[in-house]
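Q: I'm new to this one. Can you walk me through it?
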Amino acid sequence: METGLSNSIEKADTLILNIFSDLSDSMKDANKTISIWKEVLYSIKNAKIDGSQLADHSKILEFKNGILVIETDHPGRIQLFQMYKNYIQTGINRKSPDLKVKNILFRLKKNEKNIKAENVEEIIREKLLADNIDDEFEKKYPSQNETKSELPDDIKAIFERMKNGEK
């Protein structure tokens with residue numbers, strides 16, 4: 001006597017092979033996208049910027065519905081990416097029309113060490129305020145909002161050349 005269940009049961013090895021086959025295709029697509037991304041960035045070469053710097057300091061976080069989300073490590077690099085956004089988008093779409101990149105968004109990488117430091121600073125500040133300690137702490141240790149972050153030397157050099165109108 002045969003039940004209807006035997007027709008819907010698949011062997012475990014068949015299921016596993018199907019899953020890994022799908023993952024393999026996804027990995028190939030991801031590797032292709034990353035490869036094209038780097039190729040387009042490396043093609044940016046002029047007196048102001050070398051695209052390899054952008055490639056070395058960025059990574060693709062997500063590509064969904066034609067939107068490419070890129071993470072980079074400094075706000076100055078986000079500005080550089082914005083300057084070359086159309087060039088990058090056009091380059092990717094020409095090299096791989098099937099990707100159909102509609103937009104590129106840039107995000108600043110969050111540094112966990114800085115986030116933890118901000119939390120500790122906030123806890124200490126709340127404690128000091130609660131104990132009515134004067135502003136000596138604030139004078140000695142200014143808040144992170146008042147401290148300006150220094151641009152990396154390579155970005156400084158790029159902006160300096162742009163400021164001087166050099167090519």
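A: Start with Phe81, which counts as buried at 0% relative accessibility. Keep in mind that this is a predicted model.

Q: Where do Phe81 and Phe106 sit in the chain?
A: Phe81 is in helix 4 and Phe106 is in strand 3 (residues 103–108), so the pair ties together parts 25 residues apart in sequence.

Q: Is Phe106 buried or exposed?
A: Phe106 is buried, as is Phe81.

Q: How many aromatic pairs are there?
A: The count comes to 2 aromatic pairs. In the pair of Trp37 and Phe81, the ring centres lie 5.8 Å apart with the planes at 20°, so that pair is stacked. Trp37 belongs to helix 2 (residues 12–42) and Phe81 to helix 4 (residues 75–83), so the pair ties together parts 44 residues apart in sequence.

Q: What is the relative accessible area of Trp37?
A: It is 2%, and Trp37 is buried. Trp37, Phe81 and Phe106 form one aromatic cluster.

Q: Changing topic: which residues are buried in helix 5?
A: In helix 5 (residues 85–95), they are Lys85, Ile88, Gln89, Gly91 and Ile92.

Q: Why do they line one face of the helix?
A: Down the axis of helix 5, the buried residues fall within an arc of 165°, so they line one face. In general, an α-helix has 3.6 residues a turn, so residues three or four places apart point the same way.

Q: What is on the other side of helix 5?
A: Asn86 and Arg94 are there, and they are exposed.

Technical notes:
Residues numbered from 1 in each chain as written. Predicted model: local features only at pLDDT ≥ 70, side-chain atom pairs only at ≥ 80, totals over all residues. Heavy atoms only, no water. Phe/Tyr/Trp six-rings, centres within 6.5 Å; stacked < 30°, edge-to-face > 60°. Helix = DSSP H or I, 4+ residues; strand = E, 2+ residues; numbered from the N terminus. Buried < 20%, exposed > 50% of the residue type's maximum accessible area, 1.4 Å probe, protein only. Arc of directions from axis to C-beta.
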